[in-house]
Amino acid sequence: MNIETFIKQIEDEFDDLKPGALKPETPFREKFEWNSINALILIAMVKTEYDVTITADDLIKSKTLQDIYYIIESRIQK
Amino acid sequence: MAFLTIPHIRIAGLAATVPRNKEQNACYHWISKKERESLIKNIGVETRRIAPKGMTTADLCVVATEQLLKELDWDRAGIDLLVFVSQSRDYLVPTTACIVQDRLNLSHACIAYDISLGCSGYVYGLAAASSMMKSGAIKRALLMVGDISSITASYRDKSTYPLFGDVGTVTALEFREETSPWHFNLQTDGSGYKALMIQDGGARNRMSRKSFEVKKVSKGIHRSRLNLELDGIEVFNFSLREVVPNIKNLLSHTGSTLDLIDYLVFHQANRLINETLRKMLRLEPEKVPYSLKDFGNTSGSSVPLTMIVSLREEMQKRKLNLLLSAFGVGLSWGSVLLETDRVCIPELMEL
C-alpha cells in the first residue's frame, strides 16, 4: 500500500470530496464534515480494503490522514 | 464452539405484522438536511413503522399468528410450545409468552417462555425451539420474535431514533422426520455489553427521578438513562470482526460453501455494516436481501421480516438453502444453515 492510494480511496468514498482535495497532512476533521457516519464510512473502507480495524480510540488520537495511514500500515498482516 | 445440529424440524409458516403508522427519515428535523441525506444514504433507512402508544410487540405477534394459523389450518390444541423473543415485553412481570398463550387460546399443555435477546434473537429463538422439539415430543411450535424499539429510542438522539422500526413476527415450526438438519453456530461476548444498553430500570440501576433527566451526551445526542444507548463505532467494529468468521466457521464445520446457498439473510443492522459484510464475503447483491429501506433496523425480527418482504414468493414456491446471520446487543451473534420448502407466508399485515 501507499499513502496516495489510501487518499484516493477516501476521496472516492466521500461524495463531497473532489480528487486532490486531500493531502497526507490534512487534518481530516476539518476537511470532512466530521460526524459518526463519516467515521463509520472510513472504518468500513479501511476494513474492506486492508482488513484492518480502526477503533474510536484510533480516531481520537489521530489528527491527519497520515496518522491513520500509519495505524493501518502497522496493523497490516505481513 | 457452540455448533448445534438439529434434525427433523421444518419452518411451516412465517408471518409479520407492522404498525400502520409510518415515519419518514426525510422528515427527521432534529438534524440538518445535509446530515439527514447522508444518514438516509449510508444507514439505508427511509421509512420506519412506529407503534402508537398502547400497542405492544405481543399485539403485533398475535395478529400475525391468528392469520398464519388460519392459512396453515393448524389446530391450536396441537401447539405445545410458544417462545417469545423480545426486549419490549408487555410487563416486567410476568412473562409475555404466558399472556400470549391465553390470548391465542392455546392449550394448558403448552410450554411458554420468553427469551430476552435483541438483534440475534431470531437465530437463538430457532435454536431454542428446535432443540426442544427435536426428540419429537413436541410436534408444533410458535416462535414469536419482535420488538417495539421506538419506545426506548430518544427522538433527540440521532444515533438511534432514525434507525429503528417496530414489527412483530411469528414462525410456525413443525417436527417432520424427513427434513434435513439445521446447523447453528452461536456465540457471545458479554464484555461488549455497554455498546447497546439501557442504563436504568433494571435491578442493577433501579429507576429513580434521575433516570428521567435528559442530558446532552454529544452533538445531536440527547437522552435519559431510560433511553437506548448505542455506541456506533463499537457495534460497527464488533460486527465486522465477528460475523464473517462465524459464518465461515459454520460453513467449514458443515462442509458447505456460500455457492450452495440461495440467500444469505442478515440482521438488518444498517446499510454500511451489511454492505461491508457482504463485500467481505464476496457475495453478489442478489444473494443478500434487504428490508432496511422501508422498515429500518427491526431488531430480532429483521431476519424473518426480510424473508417475508423480499423472498416471499420464492419461499412459497420452491426449496431454498438459506443462511441466516444475526448479531448485536449482548453482544450476541449466531448463524444458521437451513433448508426451507414451500413455506406458508401470508402477506405482510398492518395493525
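Author: Welcome! A helix here is a DSSP run of H or I with at least four residues, and a strand is a run of E with at least two, both numbered from the N terminus. The model is predicted: local features need pLDDT of at least 70, side-chain atom pairs count only at pLDDT 80 or more, and totals for chains, interfaces and linings use all residues. Residue numbers start from 1 along each chain as its sequence is written, while chains are lettered from A and ligands numbered from 1 in the order in which they are written.

Reader: In what order do the elements of chain A run from the N terminus on?
Author: Chain A has zero strands and five helices. Its C-alpha trace spans about 35 × 25 × 20 Å along the principal axes. Read from the N terminus on, its elements go α-α-α-α-α.

Reader: How many strands does chain B have?
Author: In chain B the C-alpha atoms fill a box of roughly 55 × 45 × 35 Å, taken along the principal axes. Eight helices are found in this chain, and its strands number 17.

Reader: What share of the residues in chain B is buried?
Author: A residue is buried with 20 or more other C-beta atoms within 10 Å of its own, exposed with 12 or fewer and partly exposed in between, the C-beta atoms being placed from the backbone. In chain A, with 78 residues, buried residues make up 22%. Chain B has 351 residues, and its buried share is 48%.

Reader: Of the contacts in chain B between residues at least 6 apart in sequence, what share joins residues at least 24 apart?
Author: Two residues are in contact if their C-beta atoms, placed from the backbone, lie within 7 Å. For chain A, of the contacts between residues at least 6 apart, those joining residues at least 24 apart come to 53%. Counted likewise in chain B, the share is 80%.

Reader: Which helix of chain A gives the most to the side that touches chain B?
Author: Chain B puts 15 residues into the contact and chain A puts in 13 residues. On the side of chain A, nine residues come from one helix, spanning residues 36-50: helix H3.

Reader: Which residue of chain A does Leu39(B) touch?
Author: Leu39(B) sits in helix H1 (residues 33-43) of chain B, and it counts as buried because it has 22 C-beta neighbours inside 10 Å. Leaving out residues up to four places away in sequence, Leu39(B) touches Asn25(B) and Pro162(B), and across in chain A it touches Ile37(A).

Reader: Where is Leu331(B), whose peptide bond from Gly330(B) is cis?
Author: Most residues other than glycine have a negative phi, and most peptide bonds are trans. One cis bond runs from Val93(B) to Pro94(B), with omega near 5 degrees, and Pro94(B) is in the loop between strand E5 (79-85) and helix H3 (96-103) of chain B. The bond from Gly330(B) to Leu331(B) is also cis, with omega near -5 degrees. Leu331(B) is placed in the loop between strand E15 (319-328) and strand E16 (332-341) of chain B.

Reader: Is Asp51(A), with its positive phi, buried or partly exposed?
Author: Asp51(A) is not a glycine, yet its phi is about 55 degrees. It belongs to the loop between H3 and helix H4 (56-61) of chain A. Because 13 C-beta neighbours lie inside 10 Å, Asp51(A) counts as partly exposed.

Reader: What is the phi of Arg342(B)?
Author: Arg342(B) is in the loop between E16 and strand E17 (349-350) of chain B. With 13 other C-beta atoms within 10 Å, Arg342(B) is partly exposed. Although Arg342(B) is not a glycine, its phi is positive, at about 45 degrees.
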